[in-house]
Amino acid sequence: MTTTADARALGLAHYAARGVLEHVLARHGVTFHQQVALRAAVTAETPQTRDGLVALVRGSLKADPDGIRATLDDLLAERLLVADGPHLRPTDAGRDLLAAVAAETAPVSARIWGGIPAEDLAAAGRVLALVTERADAELAALTA
């Protein structure tokens with residue numbers, strides 16, 4: 001089967017993979033947006049303020065800042081994040097949650113990505129990076 005990469009193919013791949021992840025997240029009582037926000041807090045090079053985390057998550061999800069703030073509030077209420085002065089930091093429970101989700105999704109990811117030739121992955125990576133760059137530029141122009 002020959003498929004041309006286009007917006008539909010990208011969307012179908014995204015939602016198929018996201019569906020797998022959301023199935024695992026639901027078992028842990030966490031939403032996709034909560035997982036993205038928590039991961040942003042865990043992987044940030046420096047401790048982030050609420051506004052800093054909103055910006056990081058918005059860069060990934062292109063979501064409404066108010067919705068992201070509500071997601072951060074949920075993570076604070078669940079004690080997956082904690083306020084430390086002006087910064088929001090992941091708790092041990094937050095880190096443990098991400099580790100558990102990663103452990104559960106690793107074998108599935110291996111089956112999904114396994115056997116794809118390295119040169120195909122490299123080409124797909126280049127194309128996806130270019131599509132992301134262009135789409136980000138278009139979104140910036142639309143919202144300016």
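Q: Why is Lys62 called partly exposed rather than buried or exposed?
A: In this predicted model, Lys62 has a relative accessibility of 39%. Buried would need a value under 20% and exposed a value over 50%, so Lys62 counts as partly exposed.

Q: Which label does Arg79 get, buried or exposed, and why?
A: The relative accessibility of Arg79 is 62%. The cut-off for exposed is over 50%, so Arg79 counts as exposed.

Q: What is the phi of Arg79, and where is the residue placed?
A: Phi of Arg79 is near 60°, a positive value in a residue other than glycine. You will find Arg79 in the loop between α4 and β2.

Q: What makes Val24 a buried residue?
A: Val24, a residue of helix α1, has a relative accessibility of 5%. Buried means under 20%, and Val24 therefore counts as buried.

Q: Which residues touch Val24, once its neighbours within four places in sequence are left aside?
A: Val24 is in contact with Val101, Glu104 and Thr105.

Q: Why does Thr105 count as buried?
A: Thr105 belongs to helix α5, and its relative accessibility is 15%. With the limit for buried set at under 20%, Thr105 counts as buried.

Q: What does Thr105 touch, and what does its side chain reach?
A: Not counting residues up to four places away in sequence, Thr105 touches Leu21 and Val24. The side chain of Thr105 also reaches the backbone oxygen of Ala102 at 3.3 Å.

Q: Why is Ala110 called partly exposed?
A: Ala110 is in helix α5, which covers residues 92–113. Its relative accessible area is 49%. Exposed means over 50% and buried means under 20%, so Ala110 is partly exposed.

Q: How far is Ala110 from Gly59?
A: The two are 51 residues apart along the chain, and 27 Å separates their C-alpha atoms.

Q: How do you know that the length of helix α2 agrees with its number of residues?
A: Helix α2 (residues 32–43) has 12 residues, and at 1.5 Å a residue it should span 16 Å. The end C-alpha atoms of α2 are 16 Å apart, so the two values agree.

Q: Which residues of α2 are buried, and what do they pack against?
A: Phe32, Gln34, Gln35, Val36, Ala37, Leu38, Ala40 and Ala41 are the buried residues of α2. They pack against α1, α3, α4, β2, β3 and α5.

Q: What describes the way α3 and α4 meet?
A: Two packed helices are described by the angle between their axes and the distance between the axes. For α3 (residues 50–61) and α4 (residues 65–77), the axes come within 10 Å and cross at roughly 115°. The crossing of α3 past α4 is right-handed.

Q: Which residues form that meeting of α3 and α4?
A: From α3 come Arg50, Asp51, Leu53, Val54, Val57 and Arg58, and from α4 come Pro65, Ile68, Arg69, Leu72, Asp73 and Leu76. By class, this contact has seven nonpolar, five charged and no polar residues.

Q: What pattern does the protein follow along its sequence?
A: The pattern reads α-α-β-α-α-β-β-α-α, with six helices and three strands. Of its 144 residues, 24% count as buried.

Note on methods. Residues numbered from 1 in each chain as written. Predicted model: local features only at pLDDT ≥ 70, side-chain atom pairs only at ≥ 80, totals over all residues. Heavy atoms only, no water. Helix = DSSP H or I, 4+ residues; strand = E, 2+ residues; numbered from the N terminus. Buried < 20%, exposed > 50% of the residue type's maximum accessible area, 1.4 Å probe, protein only. Axes fitted to C-alpha atoms, helices over the stretch in contact; angles between N-to-C directions. Left-handed = near helix turned anticlockwise from the far one by under 90°. Contact = heavy atoms within 4.5 Å. Nonpolar A, V, L, I, M, F, W, Y, C, P; charged D, E, K, R; others polar. Polar contact = N/O pair within 3.5 Å; in protein donor to acceptor, adjacent residues only side chain to side chain. Expected span 1.5 Å × (residues − 1).
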